[in-house]
Amino acid sequence: MLRLINIFLLMVITAGVSFAQDHSALEAEVAATENAFAKTMADRDFDAFKSFLDPDTVFWGGRGPLTGADEVAARWEDFYQEADAPFSWKSETVMINPDGNIAFSSGPVTSPDGVVYAYFNSVWRKNDAGEWKIIFDKGTNLNQ
């Protein structure tokens, strides 16, 4: 009986470690997705930017919420018009929900001269095709 209990405990511990490893891999996947999303700005690739947007995405900004991929794209297109990117961002923190299909990503937003002036907060959802798409985004300006 003691042997069965030990085997059961080992299975529970192993399952817990596996869960943590799975989420660690998912966190790395979301960070890579967020950073690829950010790279669209550096590369000045507006079509690539749009490809990360979930159809139901909501972005909050200084002028109020933007609802849906089309509205977000219409407002963000201006950021892709100049030869140089007006800002950049990079994922620093990622958290995954227990089901592994919703993720939170956060990190600094920097000016072209490298000064951190804001932090972004993004929520990503894994769709049926296994792709992470951004569903919520809200920046916090440090100067306000």
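I began with Arg125, which is partly exposed at a relative accessible area of 31%; buried means under 20%, exposed over 50%, and partly exposed in between, using a 1.4 Å probe and protein chains only. The model is predicted, so local features need pLDDT of at least 70 and side-chain atom pairs pLDDT 80 or more, while totals for chains, interfaces and linings use all residues. Residues are numbered from 1 along each chain as its sequence is written, and side-chain values use heavy atoms, leaving out hydrogens and water.

Which residue does Arg125 form a salt bridge with? I found Asp54, with the closest N and O atoms 3.0 Å apart. A salt bridge here is a side-chain nitrogen of Lys or Arg within 4 Å of a carboxyl oxygen of Asp or Glu. Arg125 sits in strand β6 and Asp54 in strand β1, 71 residues apart; strands are DSSP runs of E with at least two residues, helices runs of H or I with at least four, numbered from the N terminus. Asp54 is buried, at 7% relative accessibility.

Next I looked up Glu29, which forms a salt bridge with Lys126 at 3.1 Å between the closest N and O atoms. Glu29 lies in helix α1 and Lys126 in strand β6, so this pair ties together parts 97 residues apart in sequence. Glu29 is partly exposed at 30%, and Lys126 is also partly exposed, at 26%.

My last pair was Asp47 and Lys50, whose side chains meet at 3.4 Å, N to O. They are three residues apart in helix α2, so about one helical turn separates them. Asp47 is exposed at 57%, whereas Lys50 is partly exposed at 36%.
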